[in-house]
Amino acid sequence: MVKKNSFISVISQKEKEENENRGSVEFQVLSFTNKIRRLTSHLELHRKDYLSQRGLRKILGKRQRLLVYLSKKNRVRYKELISQLDIREPKTR
């Protein structure tokens, strides 16, 4: 039984067409989050798919680096994005 994935569409379709803001940090984090959710649902069914596990770890690292960059540049946008996407704030070292 395959359940349907509920991917996030924080940026509305109309807003996407108007801005074409695909290079923004928010859009990149959004697309990485959708990929991460898709891969985690895939890995729940296929536990031994090690290549997908590796890809998931790489995407997680990229998203983490983007979030660190955004938190340094603009803390308000970072907080809004994290709350919209329902992402946990990373542990600080």
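**Salt bridges and the helices around them**

Guide: The count comes to 3 salt bridges, taking as the rule a side-chain nitrogen of Lys or Arg within 4 Å of a carboxyl oxygen of Asp or Glu. The model is a predicted one. As background, side chains of opposite charge can pair when their charged atoms come close.

Let us begin with Arg77 and Glu26, which form a salt bridge whose closest N and O atoms are 2.5 Å apart. Arg77 belongs to helix H4 (residues 75-85) and Glu26 to helix H2, so this pair ties together parts that are 51 residues apart in sequence. With a relative accessible area of 35%, Arg77 is partly exposed.

We may now turn to Glu89. This residue forms a salt bridge with Arg75, where the closest N and O atoms are 3.1 Å apart. Glu89 lies in the segment after H4 and Arg75 in helix H4, so that distant parts of the chain, 14 residues apart, are linked. Glu89 also meets the side chain of Lys79 in a salt bridge, at 3.1 Å from N to O. Here too the pair links distant parts of the chain, with Lys79 in helix H4 and Glu89 in the segment after H4, 10 residues apart.

As for accessibility, Glu89 counts as partly exposed at 40%. Arg75 is partly exposed as well, with a relative accessible area of 42%, and Lys79 is partly exposed at 40%.

Helix H2 (residues 25-45) packs with helix H3 (residues 50-73) at an angle of about 155°, their axes being 9 Å apart. Angles over 145 degrees count as roughly antiparallel, and H2 and H3 are therefore roughly antiparallel to each other. Their crossing is left-handed. On the side of H2, the residues that make the contact include Glu26, Val29, Phe32, Ile36, Leu39 and Leu43. On the side of H3, among them are Leu56, Ile59, Leu60, Arg63, Leu66 and Leu70. Sorted by class, this contact has 13 nonpolar, 7 polar and 4 charged residues.

Terms used:
Residues are numbered from 1 along each chain as its sequence is written. This is a predicted model: local features need pLDDT of at least 70, side-chain atom pairs count only at pLDDT 80 or more; totals for chains, interfaces and linings use all residues. Side-chain values use heavy atoms; hydrogens and water are left out. Axes are lines fitted to C-alpha atoms, for helices over the stretch in contact, and angles run from 0 to 180 degrees between N-to-C directions. Helices (H or I, at least four residues) and strands (E, at least two) are DSSP runs, numbered from the N terminus. Angles under 35 degrees count as roughly parallel, over 145 as roughly antiparallel, 65 to 115 as roughly perpendicular and the rest as oblique. A crossing is left-handed if the near helix is turned anticlockwise from the far one by less than a right angle, and right-handed if clockwise. Contact means heavy atoms within 4.5 Å. Ala, Val, Leu, Ile, Met, Phe, Trp, Tyr, Cys and Pro count as nonpolar, Asp, Glu, Lys and Arg as charged, and the others, Gly among them, as polar. Buried means under 20% relative accessible area, exposed over 50%, partly exposed in between (1.4 Å probe, protein chains only).
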